[in-house]
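Q: Hi, could you help me look through a model? I'd like to chat about the sheet and the aromatic rings.

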Amino acid sequence: MVLLQAAPGGGNMSFLIMMVIIFAIMWFFMIRPQQKKQKEIQNFRNSIVKGTQIVTAGGIYGTVKEIDEASNTLKVEIANGICIKVDRGSVFASPQPVQ
């Protein structure tokens, strides 16, 4: 009866190792690629100059006409003579060429 109650203590260690492995897999396949994409977007935002074609997070395509570093905003021409002011953080990417 006493022998049945004495269980090996390795169960907790194997559970801990399994949880670490699961976290490592999640980090490698989910978190790491997302961090890489965010870094690319931030690098693009920092490299914007006058004349750069952009797409905002709202899906508005335009060309940068002015950059206001103090307020971190861009003046974007969305049609001939029509400009809007957008926050630099709302710039998502450069438009992809149509094929």
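A: Happy to; below we go through the sheet, a hairpin and an aromatic pair.
A: This is a predicted model, where local features need pLDDT of at least 70, side-chain atom pairs count only at pLDDT 80 or more, and totals for chains, interfaces and linings use all residues. Residues are numbered from 1 along each chain as its sequence is written, and side-chain values use heavy atoms, with hydrogens and water left out.

Q: Thanks! What's the strand order in the open sheet?
A: The order is β4-β3-β2-β1-β5, five strands with antiparallel pairing. Strands are DSSP E runs of at least two residues, numbered from the N terminus, and two of them pair if DSSP finds at least two bridges between them.

Q: Which strands stand at the edges?
A: β4 and β5 (91–93) do; each has a single partner strand, so one side of each lacks a neighbour in the sheet. From one strand to the next, the twist averages 55° (axes are lines fitted to C-alpha atoms, with angles from 0 to 180 degrees between N-to-C directions).

Q: How many bridges join β3 to β4?
A: Six, between antiparallel β3 (residues 73–79) and β4 (residues 82–87). Among them, Val76 partners Ile84 and Leu74 partners Val86.

Q: And what's in the turn of that hairpin?
A: Two residues lie between the strands, and Gly81 in the turn has a positive phi of about 80°.

Q: Switching topic: how many aromatic pairs are there?
A: One. Phe28 and Phe29 sit edge-to-face, 5.3 Å centre to centre with 85° between the planes. Rings of Phe, Tyr and Trp (its six-membered ring) pair if their centres lie within 6.5 Å; planes under 30 degrees apart are stacked, over 60 edge-to-face, the rest tilted.

Q: How exposed is Phe29?
A: Phe29 counts as exposed at 60% relative accessibility, while Phe28 is partly exposed at 42%. Buried means under 20% relative accessible area, exposed over 50%, and partly exposed in between (1.4 Å probe, protein chains only).

Definitions and conventions. Helices (H or I, at least four residues) and strands (E, at least two) are DSSP runs, numbered from the N terminus.
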